Amino acid sequence: MKTVIITHPHADHIGGMYTVFRECRVDQVYDNGQPTSTNTYRTYLKEIEKRNIPYKAVRAGDVIPFFKDVAFRVLGPAEIMKDDKGRPALNNNSVVGRLTYGNFTMLFTGDCEKEEEMSIMKGEQTFLKSDVLKAGHHGSKTSSSAQFLKAVSPQAALISAGAG
């Protein structure tokens, strides 16, 4: 099964999906269910529909099975957060999840910012502790609060960032 999880619909997170759909077999797509009006997002949805790919919006508590003994537990979004104009805050509604494989754990955070971190920490904190952390929002100062880092307590952290 070829599973894709999209954390949120910003172009830097879904922009490559057209090529993925064209070049790879995708059997299931998960995302946070937050719409946006960009051409990139509309193309993403059209390709899912055109290819008849099963699609599901996930929330905290969902578990996505990958393979035998490999699962992704969704920790966020735990609640829908709004921006200052009352619209869903796309970064703070990122899919956040913990991948488990045997004794190895890795926390994926998308562009989760401090507000979503706090929301997630209100829940079941036993699922936060992870061996590796993919730092939120490309390692920017809007994410990775001291309280969150203490709760996750990773041995290593990764930052995904573009050139420059």
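Me: Which side chain does the side chain of His13 make a polar contact with at 3.1 Å?
Reply: In this predicted model, where local features need pLDDT of at least 70, side-chain atom pairs count only at pLDDT 80 or more, and totals for chains, interfaces and linings use all residues, that partner is the side chain of Asp111. A polar contact is a pair of N or O atoms within 3.5 Å, where within protein one must be able to donate a hydrogen and the other to accept it, and residues adjacent in sequence count only if both atoms are side-chain atoms. Side-chain values use heavy atoms, leaving out hydrogens and water, and residues are numbered from 1 along each chain as its sequence is written.

Me: What joins the side chains of His13 and Thr7?
Reply: They are joined by a polar contact of 3.2 Å.

Me: And how far apart are the C-alpha atoms of His13 and Gly110?
Reply: They are separated by 8.4 Å, although the two residues lie 97 residues apart along the chain.

Me: New topic: how do strands E6 and E7 run?
Reply: Strand E6, residues 96-101, and strand E7, residues 104-108, run antiparallel and are joined by five bridges, where strands are DSSP runs (E, at least two residues) numbered from the N terminus, and two of them pair if DSSP finds at least two bridges between them.

Me: Which residue in E7 is the bridge partner of Thr100?
Reply: The bridge partner of Thr100 there is Thr105.

Key. Helices (H or I, at least four residues) and strands (E, at least two) are DSSP runs, numbered from the N terminus.
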